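Some words used for protein structures rest on cut-offs.

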Amino acid sequence: MLNTLAISSIYVLDQDEALDFYVGKLGLEVNTDADLGFMRWLTVNAPGEPGRQILLEKPGPPSMDPATAETVRELVAKGATGGHLFFQTDDAQKTYDTLKERGVEMTDEPTQRPYGIDFGLRDPFGNSVRISQPTPPPAG
């Protein structure tokens, strides 16, 4: 049976711009950047977590025909593809401040919630990203 999730994907319109954002601004690491001939296989991961990758996938072949790819690009630009990423941090406010200084588009500020502190941002393509500082479990 299944025992781990290795790769998830989100659609991006420009893989070089995605690299700049996810690696240059968010601080993720490049896991794989390979030209497969029919597509560029570009994955990133959180630092020290190479077993959980995010495929930064450009809409197009081999998974979709040109008309479908155009529709997906339009939906991505509207932020309507349902692409969501959820990350954790040890210090939500510090992470928020650092990302804001780097020019990341924030959708909301760090807010205390029942599960911890979290905030939202958007990547250059409209994908939603949430970052949380989970509340530690009760001792004992």
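Q: Which residue stands opposite Ile54 in S4?
A: In this predicted model, Val44 is the residue facing Ile54 of S4. The strands S3 and S4 run antiparallel to each other, over 2 bridges.

Q: What makes S3 and S4 count as paired strands?
A: Two strands pair if there are at least two bridges between them. S3 and S4 have 2 bridges, so they meet the definition.

Q: How do you know that S1 and S4 pair, and in which sense?
A: Strand S1 (residues 7-11) and S4 are joined over 5 bridges, in the parallel sense. The cut-off is at least two bridges, so the label applies. One of the bridges sets Tyr11 against Glu57 of S4.

Q: Why is S4 called mostly covered?
A: Buried means under 20% relative accessible area, and 5 of the 5 residues of S4 are buried. Gln53, Leu55 and Glu57 lie on one side, Ile54 and Leu56 on the other, and both faces are covered.

Q: Why is Ala46 called partly exposed?
A: The relative accessible area of Ala46 is 24%. Buried needs under 20% and exposed needs over 50%, so a value in between is called partly exposed. Ala46 is located in the loop between S3 and S4, and Leu28 and Glu29 are in contact with Ala46, leaving out residues up to four places away in sequence.

Q: How do you know that Asp123 has no salt bridge?
A: The nearest side chain of opposite charge belongs to Arg122, 7.4 Å away.

Q: What makes the link between Asp123 and Tyr22 a polar contact?
A: The side chains of Asp123 and Tyr22 are joined at 2.6 Å.

Q: Which residues have the most contacts inside the largest nonpolar core?
A: This core has 28 residues, and Tyr22, Ile54, Leu56, Leu99, Phe119 and Leu121 have the most contacts inside it. H1 gives the most to this core, with 4 residues. Leaving aside neighbours within four places in sequence, Leu99 is in contact with residues including Phe119, Leu121 and Ile131. In soluble globular proteins, nonpolar side chains tend to be buried together.

Definitions and conventions. Residues are numbered from 1 along each chain as its sequence is written. This is a predicted model: local features need pLDDT of at least 70, side-chain atom pairs count only at pLDDT 80 or more; totals for chains, interfaces and linings use all residues. Side-chain values use heavy atoms; hydrogens and water are left out. A nonpolar core is a set of buried Ala, Val, Leu, Ile, Met, Phe, Trp, Tyr and Cys residues joined through side-chain atoms within 4.5 Å. Buried means under 20% relative accessible area, exposed over 50%, partly exposed in between (1.4 Å probe, protein chains only). Contact means heavy atoms within 4.5 Å. Lys and Arg count as positive and Asp and Glu as negative; His and the chain ends are not counted. A salt bridge is a side-chain nitrogen of Lys or Arg within 4 Å of a carboxyl oxygen of Asp or Glu. A polar contact is a pair of N or O atoms within 3.5 Å; within protein, one must be able to donate a hydrogen and the other to accept it, and residues adjacent in sequence count only if both atoms are side-chain atoms.
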